[in-house]
Amino acid sequence: MTQEKRIAILLPYAENFSPLKAGAISLFTYEMALRSRYQRAITVYGKNGIIPYEKVAYKGLKPHGRLFNGRNVGLAEAFYQSVKEAPPDVVEIHNRPVMFVYLHDKLPNAKITLHFHNDPHSMRGSKTCAERRALLHQADAIYCVSCYIRDRFLDGVICSDEEKEKIKIVYNGIRRLSESFPEKEEMILYAGRLVEEKGVEELLQAAVHIFPRFPNWKFVVVGAKRHGELEKGGSPFEKKLYRLFGLLGNQVEALGHRPYDQVLRLYQKASIVVVPSKWDEPLGRTAIEALAEGCVLISSDRGGLKEINNGCGLILKNVTSDEIADNLLRVMNDTSFRE
């Protein structure tokens, strides 16, 4: 590929390609585009009305026929209208098979790829074996964020070895801030969405149980129900969590959503990061971020987390408050083991 060729990256409507509200897909796209040798050839397309990242070309679009087509297909139509006179050489569609299906026949001369950040079984356009088989046949490449996601895509799909070669594993790369091992504080960090399937309630229950024995330690929680929410404690589940925060007194800081660079600086300080997911994580980006900054990682082994925490940290066999507490005590009580 030469520098003259043009690459278009199309994000889902829900994504905010912005340093203020970026989720995992936007973070991955930004970091990849910024460091790509094809950076000047790349334009990222997504919804309008945001303040985008700098240094990476971005074009905001208003979905066409949103009420009739839905937001994602409407965004795909807006993208097509914006490029049809001079189509890009490569179109990379992220996490929305319906966008791929809509654009495939409209851009016959472009190489079109599909990047899965979530379980294909959960998304419109890739739920059935027949749908995934058709995507594999039509796509120039399919990228998956973990072996777990690749295996979910291939589940029940009959295909040749040559077709399987189209499927590539691309883990998230994490920008390491520290040039040497960072100076750690007596701090436990949870960074993620405040929803039941993340296991954060069990983590808080464990902290309430053990923290009276460790008055010098603090517990920092970053996140909200959805990426980009600046208000804290809005949902019923969040309100339950904030009642638990109250039991930890001044040993807890609940920060809500924070810009990504601020979160990375918290990883530099944290001694322990807990990722107690109860659902099958597609990857577990927070686990990679923890390891990149020298944190002790305690996580479940659900989904892609098993690939990340593979001899690098402590595994929770069951996500219960008692098991989380036992693992925290093991690390907090033994400085040499922790180091």
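This is a predicted model: local features need pLDDT of at least 70, side-chain atom pairs count only at pLDDT 80 or more; totals for chains, interfaces and linings use all residues.

Q: What is the bridge partner of L189 in β11?
A: Strands β8 and β11 run parallel and are joined by 2 bridges. In β11, L189 has as its bridge partner V273.

Q: Which residue in β12 is the bridge partner of V273?
A: On to strand β12, residues 296-299, which runs parallel to β11 and is joined to it by 4 bridges. The β12 residue that partners V273 is L297.

Q: Are the β11 residues I272, V273, V274 and V275 buried or exposed?
A: In a regular strand, side chains alternate between the two faces of the sheet. Here I272 and V274 lie on one side, with V273 and V275 on the other. Both faces of β11 are covered, and these four residues are all buried.

Q: Which strands stand at the edges of the open sheet?
A: The sheet has 6 strands with parallel pairing, in the order β10-β9-β8-β11-β12-β13. Two of them have a single partner strand each, so one side of each is left without a neighbour in the sheet. These are β10 (252-254) and β13 (314-315).

Q: At about what angle does helix α9 run to β10?
A: Helix α9 spans residues 236-248. It lies across β9 (218-222) and β10. Its angle to β10 is about 150 degrees.

Q: What radius of gyration does the chain have?
A: The chain holds 14 helices and 13 strands, and its C-alpha atoms fill a box of roughly 65 × 40 × 40 Å along the principal axes. For 339 residues, a compact globule would have a radius of gyration near 20 Å, and the chain agrees with that, at 21 Å.

Q: What percentage of the residues of the chain count as buried?
A: A residue counts as buried at under 20% relative accessible area. The chain exposes about 16300 Å², with carbon and sulfur atoms supplying 48% of it. Of its 339 residues, the buried share is 53%.

Definitions and conventions:
Residues are numbered from 1 along each chain as its sequence is written. Side-chain values use heavy atoms; hydrogens and water are left out. Two strands pair if DSSP finds at least two bridges between them. Contact means heavy atoms within 4.5 Å. Axes are lines fitted to C-alpha atoms, for helices over the stretch in contact, and angles run from 0 to 180 degrees between N-to-C directions. Buried means under 20% relative accessible area, exposed over 50%, partly exposed in between (1.4 Å probe, protein chains only). The radius of gyration is taken over C-alpha atoms; the globule rule is 2.2 Å times the number of residues to the power 0.38. Accessible areas come from the Shrake-Rupley method with a 1.4 Å probe; for residues, only the protein chains shown count as cover.
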